[in-house]
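The sequence and the model are shown first, and the description follows.

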Amino acid sequence: MILQTHDLWRTFGGVAAVSGINFNLKKGELRCLIGANGAGKSTFFKMLTGQIKPTSGRITLFGKDVTNLPSHAIARMGVGVKTQVPNLFNGLSVRENLFMSAQRVMGRKPALEAVDAMLEKIHMTAHAQTLAGKLAHGHRQWVELGMILISGPQLVLLDEPAAGMTAGEVERTIALLNELRGQRTFIIVEHDMHFIRRIAEKVTVFHRGRVLVEDTMEAVVRNTEVRDAYLGQHGKEAR
Amino acid sequence: MCEVKSPGFWWAAIVALALVFGIPLFAETYTLYTLTVFAIMAVLALSLGLVWGVGGILALGQSAFFGIGAYVYALIAVNMGDSTWALAASVLMPVCVAALLGYFTFFGRISDVYFAVISLTIPLILLSLINSASGPAYQFGKAHLGGYNGIPGVPPLNNPFDLSDVLGFDGMYYASALVLVAVYLVLRILVRSRFGRVVAAVRENELRAELLGYDVRYYKLGVFCIGAAIAGLAGALYAAWGASVGPTAFSLSFSAQIVIWVLLGGMGTLLGPILGCFVVQALSTWLGSASGVSPEIALGLLFIAAVLLVPSGIVPSIQQHLRRRRPAGLVSKETP
């Protein structure tokens, strides 16, 4: 297992956002997390990345206990994180954003080469000198994705990677994820059921801070508990 | 591209040195005397320009490090009669204080606003302490803290190998101006280095920098300590220039003045704080000599006008204007 959580809890002022989650992820797996707003996905995500400390429980990453490690230490272990709202260096150009990520893991010259290659991969060469703060939302998503992938992380956590993208951009994201499938391990939080259906192998459904179901997409869609709890609003489109 | 390999760096160095050595050919002794203190204050402005403008850390109490540097220089130079060790200690002591303060605030994850307030309390505490340090208990060897009156008779800078060879007005001008040029050029290199880029990235988005694997606490601490060292150096030069130090170095109005220099000149640039400092200092000097005009009111009005007309500061506004006028074909493919 590349990632395991053991009875993970997080409470905010007596309210449990995450209640006793046991989660296992194999190397090379692409796992989607779904659930209604407030189901605990983002809190779980933030605990995995060290942004929030769990109230109790344990997180094991690559066989090491990372429960109380800060975000930068977890990132250095080979974890790339795309946050729900694109988190870029707005005052820096697209090229500089990518370079900031690349220069942490490689020398200057290979980093510059990697930046050029990544610009092409994410179709942003024409915007290389544009300030990240001036980009459209879809482009910002791509730049953030590029920043994560350029450092070659083993585990990639993507929080709503397709949000705000055009249909064409969503297609390209799906193609990119399918291309990287097996080479890296992914956890993807997403609401767009079309998107999930195109990429998901296994889906974990969160509900009220707990794991409701963990199964293939087809089985999840058929599950009555899931339909009652979450897919009522998304079920039609998923089917 | 590495900063020292860029033509812009060398052009800046040549122009700066030409100014430093060219001005004395035309200027009178009094002008040089005034320019010396402008240069010293510009070094102080650069320290906040780095910490706040580049690093995004609003250190409202940057004057604390200036004052510490000045007092440490005065105490050691008066006792030893030699400026060499005094100068070194005036740089080191503010770094130690900054490291201590920075450790508890940055590693304690104190938010930016709280940090600004905490940093402002440091010079105010020191002001209160120094003001009350006038009794015989505050005698340190040959030097006495002197309370409200400060320490008089501070020795000037001297040749490290010949204590009798001390700097006069001209020598002090060259020393201060060259220190300003050196600090400016070193900071240019620092800002374009890997460390400087990460510092700027942390200013832009701390969470993203953290999620990329940078320990932002060390970068913030590092830039804060470098800023303190520069401010301490400026303080020592000020004490050597004026032959005295007083508690006004820790005053609230002086702390605010440094912020105004940086804001007026332009955040995020190194030339901006220097220019802002020179403009405000020159105006203060001129208004001080002109009768019937209150310098404080005039400077206040200037500051309000500047905020309304050039909100990003003088230098960034000029840069934006030049960028708009530049033909599209001349826009270079900059490398980080």
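## Two helices of chain B

In this predicted model, helix α3(B) meets helix α9(B) through B:F65, B:F66, B:G67, B:I68, B:G69, B:A70, B:Y73 and B:A74 on the α3(B) side, and through B:A228, B:A231, B:G232, B:L233, B:A234, B:G235, B:A236, B:Y238, B:A239 and B:A240 on the α9(B) side. Sorted by class, this contact of α3(B) with α9(B) holds 14 nonpolar and four polar residues, and no charged ones.

Helix α3 of chain B covers residues 63-80, and helix α9 of chain B covers residues 216-242. Their axes come within 6 Å and cross at roughly 50°. Angles from 65 to 115 degrees would count as roughly perpendicular and those under 35 as roughly parallel, so α3(B) is oblique to α9(B). The crossing in which α3(B) passes α9(B) is right-handed.

## Where the chains touch

Chain B gives 17 residues to the contact between the chains, and chain A gives 21 residues. On the side of chain B that touches chain A, helices α7 (194-204) and α8 (206-211) of chain B each supply at least two residues. That side of chain B is made up of six nonpolar, three polar and eight charged residues.

## A sheet in chain A

Chain A contains an open sheet of four strands, in the order β2-β1-β4-β5, with antiparallel pairing. Strands β2 (15-25) and β5 (64-65) of chain A lie at its edges, and each of these pairs on one side only.

Within the sheet, strand β1 of chain A, residues 3-12, pairs with β2(A) in the antiparallel sense over eight bridges. A:L3 stands opposite A:L25, which belongs to β2(A). Helix α1 of chain A, residues 41-48, packs on the sheet and touches β1, β2 and β4 (56-61) of chain A. The direction of α1 makes about 60° with that of β2(A).

## Chain A as a whole

In total, chain A has nine helices and ten strands. The C-alpha trace of chain A spans about 50 × 40 × 35 Å along its principal axes.

How does the radius of gyration of chain A stand against that of a compact globule, and what is its value? For 239 residues, a compact globule would have a radius of gyration near 18 Å. Chain A has 18 Å, which agrees with the value for such a globule.

Key
Residues are numbered from 1 along each chain as its sequence is written. Chains are lettered from A and ligands numbered from 1 in the order in which they are written. This is a predicted model: local features need pLDDT of at least 70, side-chain atom pairs count only at pLDDT 80 or more; totals for chains, interfaces and linings use all residues. Two residues are in contact if their C-beta atoms, placed from the backbone, lie within 7 Å. Ala, Val, Leu, Ile, Met, Phe, Trp, Tyr, Cys and Pro count as nonpolar, Asp, Glu, Lys and Arg as charged, and the others, Gly among them, as polar. Axes are lines fitted to C-alpha atoms, for helices over the stretch in contact, and angles run from 0 to 180 degrees between N-to-C directions. Angles under 35 degrees count as roughly parallel, over 145 as roughly antiparallel, 65 to 115 as roughly perpendicular and the rest as oblique. A crossing is left-handed if the near helix is turned anticlockwise from the far one by less than a right angle, and right-handed if clockwise. Two strands pair if DSSP finds at least two bridges between them. The radius of gyration is taken over C-alpha atoms; the globule rule is 2.2 Å times the number of residues to the power 0.38.
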